[in-house]
Amino acid sequence: METPNILFIMADQMAAPILPLYSDSVVKTPNLSALAEQSVIFDSAYCNSPLCAPSRFTLMSGLLPSKIRGFDNAAEFPADTPTFAHYLRSAGYKTALSGKMHFCGPDQLHGFEERLTSDIYPADFGWAVDWDHADDRPTWYHNMSSVTQAGPSVRTNQLDFDEETVFKARQYLYDHARSNDKRPFCLTVSMTHPHDPYTITKEFWDLYEDVDIPLPENIPAQDSLDPQSQRLLKVYDLWNNPMKEEDIRRARRAYFGSISYVDSKIGELLKTLKDCELDDNTIIVFSGDHGDMLGEKGMWYKMSWFEMSSRVPMLVKMPGAKPGRVSSSVSTMDLLPTFAEMAGVPLAQGLPMDGRSLMPHLSGVGGHDEVFGEYMGEGTTSPMMMIRRGPLKFIYSEQDPCMLFDLSVDPKESNNVVNHPDYQQAATELLEEARKKWDIPAITEDVLQSQRRRRFVAAANAKGKITSWDHQPMVDASEQYMRNHIDLDDLEKRARFPQV
């Protein structure tokens, strides 16, 4: 059998619970829904850190953030960390990335043979969190302007980026189909929508013109929230700063429109795959990096372990895999060993691996039901960890009170049962497990030292001549289109697909 290609599509900040894949939702995703009918859908998939860079580092490496010092959105992703791109490349795959991956540091490839675009986010240490001055609000922190300014627009920074991302990805597929290099490919296409700001073109805004946009259902008083949630409200300037109902509705409408925009781009990619006669031998994986609270619990953006923030969509369409649903809890950290097994390459001996292959789930022969998560970004001053197993989600901190939710009876996470008599044994066992798994004082010191180093380096590097780490995609225009050193008939023959 011919080695399968892999097309990995990512969306940024897409909350799984509001998608029609997982709920009775007004969100319109015809292409994703059609793909889902042919796929294995994971009903309980999570990120391993609810923030862009740490989540993506973990997804790429199969290792929890504390293992690779992926603490926040300005943490350096170590160049000696094997990624799924390294594994697939070692197995003979062409590996390419189009779009966002939020790599920080001078290595902007991390195993990808080609990177078709730059990133939308900076690659330097400028966004390093500062636990030494936790009450300060840097200018780069989120604020609520994304909500108060929500609505339609003609063009945005994000639209520029995603249009380029998908155009370059489709061009890559065309080039592969016309190329003599018949190695299998792994193409990662990572869009930045539906990440805030909450705005989208009129075409997708108008899709929801006659739709009753649902408002958040669970908004407790701010002073009744857990300490971490209260800190997050202050991080993005929502503490004692209530939002107007109309602003919330407009922000959610724009977010829904942005999801529909992503869906349209998925449709473009799938059409190109089919047009290039690559669809029958290409595994398609769709997932995200984290979610968005969208006003639930009175909170926005991510950075918490609540379902809207931490649960991500995940589906896999694979030749030979029977479409269906998986209820077990899995995570994006499991993608590296999954891709490696799909490619038939063993995991490197003697190296750590926290992720576990999803192939048993895809084959219908069992699989794990467990997720571990770590968060050390803004809004915390101490690590906040998570264990998801069976119906329970345990949120562990040595600084704040622990939380325990039974999602089988409380999917909105309204009742913290950590002190409830019926859950005392489970709470005690989970706390003991967490304390054995994580050395919180050691991790805290590692975080603080990393923050201090990066803040110093960032300040120094901002002086004098600045050398950017941001990826610069190279295009050799001398080899594009019609050039006099290329025979015209030969060029036209090679550029046409299918060939005559």
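**Entry 1**

Does D275 count as buried, partly exposed or exposed? I looked it up and found that D275 counts as partly exposed, because its relative accessibility is 39%, where buried means under 20% relative accessible area, exposed over 50% and partly exposed in between, with a 1.4 Å probe and protein chains only. I note here that this is a predicted model, in which local features need pLDDT of at least 70 and side-chain atom pairs count only at pLDDT 80 or more, while totals for chains, interfaces and linings use all residues. Residues are numbered from 1 along each chain as its sequence is written, and side-chain values use heavy atoms, with hydrogens and water left out.

The side chain of D275 meets that of K271 in a salt bridge of 2.7 Å, N to O, a salt bridge being a side-chain nitrogen of Lys or Arg within 4 Å of a carboxyl oxygen of Asp or Glu. I saw that D275 and K271 both lie in helix α9, 4 residues apart, which is about one turn of the helix; helices here are DSSP runs of H or I with at least four residues, strands are runs of E with at least two, and both are numbered from the N terminus.

**Entry 2: other salt bridges**

I then found that the structure holds 36 salt bridges. One of them joins R115 and D119 at 2.7 Å, N to O, and both R115 and D119 are buried. In another, R231 pairs with D400, with the closest N and O atoms 2.6 Å apart. Because R231 lies in helix α8 (residues 227–235) and D400 in the loop between β13 and β14, this pair ties together parts that are 169 residues apart in sequence. R231 counts as partly exposed at 22% relative accessibility, whereas D400 counts as buried at 8%. I also noted a network of salt bridges that links D12, R56, K100 and D289.

**Entry 3: helix α13**

For helix α13 (residues 424–437), I checked the length: its 14 residues should span 20 Å at 1.5 Å a residue, and its end C-alpha atoms are 20 Å apart, which agrees; the expected span is 1.5 Å times one less than the number of residues. In α13, A426, A427, L430 and A434 are buried. Seen down the axis, the buried residues of α13 fall within an arc of 95°, so they line one face of the helix, the arc being that of the directions from the helix axis to the C-beta atoms. The face turned away from that buried side carries the exposed residues Q425 and K436. The buried residues of α13 pack against β12 (384–389), β13 (392–396) and β14 (403–406), where contact means heavy atoms within 4.5 Å.

**Entry 4: the cores**

Which residues have the most contacts inside the largest nonpolar core? I found L187, Y198, Y236, Y255 and W300, in a core of 78 residues; such a core is a set of buried Ala, Val, Leu, Ile, Met, Phe, Trp, Tyr and Cys residues joined through side-chain atoms within 4.5 Å. Helix α9 (residues 245–275) gives the most to this core, with 12 residues. A second, separate core of 45 residues includes M10, A85, V326 and V330.

**Entry 5: a loop residue**

Last, I looked up Q349, which sits in the loop between α11 (335–343) and α12 (359–363). Q349 is exposed, with a relative accessible area of 76%.
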